[in-house]
Amino acid sequence: MAGKAQIRFGLTVVVLMVAAALLAPVLAPYAYDAYDLRPGRQNLGPSVAHWLGTDDLGRDTLSRLLMGARVSLAVGFGVELFDLLLGTLLGLLSGFYGGKVDSLIMRLTDVMFAFPDLLLAILIAGLLLSDPARNPAYSFLAVFVALAVVSWPNLARIVRGQAMALREREFVEAARAIGAPNRRIIFTHLLPNLLGPIVVAVTTGMAGVILAESTLSFLGIGVQPPYPSWGSMINDGRSRLLATPGQVFLPAAMLALTVLGFNFLGDGLRDRLDPRMRRG
Amino acid sequence: MAEPLLSVQDLTVEFGRGKSAVQAVDHVSFEVARGTTVGLVGESGSGKSATALSLLRLLPSPPARVVSGSAYLEGRDLLALSESELRKQRGGTVGFVFQDPLTSLNPVMTVGEQVAEAIRLHTSARRRQAWDRAVEALDRVHIPNAPQRARDYPHQFSGGMRQRVMIAMALASRPKLLLADEPTTALDVTIQAEILDLLSELRQTLGLAILLITHDLGVVSEVCQDVLVMYAGQIVERGPAAELFTSPKHPYTQGLLASLPQVTEGEQLRLQAIQGAPPSLSEPPSGCRFHPRCPKAFAECRVTEPTEVQFSSTRAARCLLYGGGQPEEQLGVPETGSSEWGRPPQRPSMWQ
C-alpha cells in the first residue's frame, strides 16, 4: 500500500500548490511587489503583520511565496502542455511510421539530447533576455521557450518507444484488417493505449520543469523582477543566509515540496497504471 | 462451375531484396467458390499466412513484397488496387480473423466500440446505428446477453468469446469472403469445435466463402469442402476434402495424414513423423522441394522441379511420381506398395 500513500501525498501537495497558485492574489495578505523602503521594514522576522517576515525591499515573504507558486506552476503547465502536443505527436509519428520519418525525428532528438539540457536552456534564455529594456513579463515567454525547446524530446522518445511496441501488436493489424486508415489507427488505437505512460511522463516532467525554471531564475535569466520566483528568491536571500535564513529556506522548501509532490504523484501513477497490475 | 468468388493466379511474395530475397509464396494459384470453405494447410513457415495476408496487403512492407500474380475478387484485382481502394475491401468485402484473439482486440476499447468501428468505416451509419448493428453482430456470433456485453472490455471475455468478437468484427460489414488465419489455434479443443461450428453456420446463413488457414488436419476435415496443401511456399496438392483425405497423392500429404495420432486398441504405436525439418526458404532444395524428406524420392526429384499434374478438374498434385518422367533410380525406397509411412492398411483411421 506504499503506492497508495505515495499517490495520496503527491496528490495532496499538488492540489495544495495548484490552489495556492490559483488563489494567490486572494490568499496573499499583500501585493507581491508592494515594497516598503521605510527604515526598519526590511528583512524582518515573522510577525503578526508579516507571518513569514519581509525581504530586503520590505516585501511580504508569504505573499511572494504564494505568487512564486503561481509562476512556477504556470511555467510548468505551459511547458508540459507544449511537450504533450509536440512530443506526443512527433513520438506517435516516429513510432508508428518508422523508417525515414523515424530517422529524421530521432536524429532531431539525438541532437537535442547531445546538449546538456540546462546549458541549452541557459543559452536560449540568456539570448532571449539579452535586452534588459524589455517588459519583465516578456521573461515568462523567454523561460517558456527555453524550457519547451529542451524538454519535448524526452516525451517524444517515451511515446515513440511505446508506439513502436504497440504497432507490432495484433490489434493494430486487426484494425488495419477492418479497413482503418493510418490516422485512425494512430489516434484511436495507439493514443488511448499510451495515456498511462504519457500521464506519468508529464507528471514527472512537471517536477523537472519547475526545478529548471527555478534554476534559471536563480541564475538571473529566468523570470525577471518584480515577478517573484522561488529561484530568484533563493538567490536574493543568499547573501544574508545566516542573518535571515528563512529567505533562503522557505522558497527552497516550497520548491522541494512541489518537486517531491509531482515526483511522488508520477511514481504512484506509474505503479497504478502499469497494465500488468490492472486487472478485473 | 460458376465463376469463383476469389481467383488467385500465380501469386508470388518475396521477403527482402536481391540475393537475400526469400520466396515465401511461390507462384500460388487457387480459387474460392461462393459459399464454400477452402482449407489452406501447411506447416509453420510454409507460406500459408503470407498468402492470405498478402491478398489484403497486410504484410509488413518492406520486407514483404508481392512480386507477381493477381487476385480477382468479383472482377477486381486486389493486388492492383490503390491503398485507399484496398481499405474499402478490408473489412468491407473481405473480413480477416487473426490467430490470437487475446491480442487482436484493443485492450482500451469496449468490444462494442470495436465492432461498431468496423461498421462505421464501411457504411454511413451514425454512432447510434453502428452501435445497434454491432450489438446485432455480437448476437449473431452467439455472444450471450450481447447488449450488455458490448459495453465490456476485451479482458472481461474468455478466449473463445474474444474470437467470437473478432469474427463479429470481421463480419460486421457483411463481407463475401472471410480469411481466417488459424482462428482456432490459440483456443482449447472444445472451444475450437464451437468456433468451427460457428464458422460453418455463418457460411450457410450468410453465404460466406471462407479461406481457412490451419495446420490442423482435423479442423480441415470438419469444415472444409476443398483443401490446398502448401509446402515450402508452393501448393503441392489440391482437391475436395473427402478425396484428398481418403487417397492422398503427394507423399507430403500422405505423410501428414500418417502422422496424425490414431486411437487403436491393444498395440502401442509410435507417432509417425515426417523425417527432417522444413527446408530453409532462403536456400530451397533443388528440384522438388520435398525430396530431401520424401520416402519416395528418386534421382530425378533432385534435379527436376515438378509441375502440377491434374488428375481431374478439381484434383492435382505437384509430384514427379505422377508425371514428368519415370523414376530412373530408386533411392532405397519402394515406389509403390506398402508405404514407408508404415500404415497397415486395416488400421482404423478417422478419415475412413
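A residue is called buried here if 20 or more other C-beta atoms lie within 10 Å of its own, exposed if 12 or fewer, and partly exposed in between, with C-beta atoms placed from the backbone. By that rule, the buried residues of helix α4 in chain A are Ala121(A), Ile124(A) and Ala125(A). This is a predicted model, in which local features need pLDDT of at least 70, side-chain atom pairs count only at pLDDT 80 or more, and totals for chains, interfaces and linings use all residues. Residues are numbered from 1 along each chain as its sequence is written, while chains are lettered from A and ligands numbered from 1 in the order in which they are written.

**Confidence**

- The predictor gives the complex an ipTM of 0.79 and a pTM of 0.81.
- For chain B the mean pLDDT (the predictor's confidence in each residue, from 0 to 100) is 85, and 90% of its residues reach 70 or more.
- Take care with residues 325-352 of chain B, where pLDDT stays under 50. Where pLDDT is low, the predicted coordinates should not be read in detail.

**Chain A overall**

- Chain A has nine helices and zero strands; helices (H or I, at least four residues) and strands (E, at least two) are DSSP runs, numbered from the N terminus.
- Its C-alpha atoms fill a box of roughly 80 × 45 × 30 Å along the principal axes.
- Of the 280 residues in chain A, 45% are buried.
- Two residues are in contact if their C-beta atoms, placed from the backbone, lie within 7 Å. Among contacts in chain A between residues at least 6 apart in sequence, 71% join residues at least 24 apart.

- Helix α4(A) covers residues 117-128 and reaches 17 Å from its first C-alpha to its last, close to the expected 16 Å (1.5 Å times one less than its number of residues).
- The buried residues of α4(A) are Ala121(A), Ile124(A) and Ala125(A). They lie on the same side of the helix because they cover an arc of only 95° around the axis, taken from the directions from the helix axis to the C-beta atoms.
- What covers these buried residues includes α5 (138-167) and α7 of chain A.
- Ile198(A) lies in helix α7 of chain A and counts as buried because it has 21 C-beta neighbours inside 10 Å.
- Leaving out residues up to four places away in sequence, Ile198(A) touches Thr88(A) and Val159(A).

**Core and interface**

- The largest nonpolar core has 173 residues, and those with the most contacts inside it include Leu147(A) and Leu211(B). Such a core is a set of buried Ala, Val, Leu, Ile, Met, Phe, Trp, Tyr and Cys residues joined through C-beta atoms within 7 Å.
- Helix α7 (residues 182-218) of chain A gives the largest share of this core, 16 residues.
- Between the chains, 21 residues of chain B are in contact with 14 residues of chain A.
- Helices α2 (83-89) and α3 (111-120) of chain B each supply at least two residues of the side that touches chain A.

**Backbone features to look at**

- A cis peptide bond, with omega about 10°, joins Pro225(A) and Pro226(A). Pro226(A) sits in the loop between α7 and α8 (230-238) of chain A.
- His27(B), in strand β2 (residues 22-32) of chain B, has a positive phi near 50°.
- Asn145(B) also has a positive phi, near 60°, and is exposed, with 10 other C-beta atoms within 10 Å.
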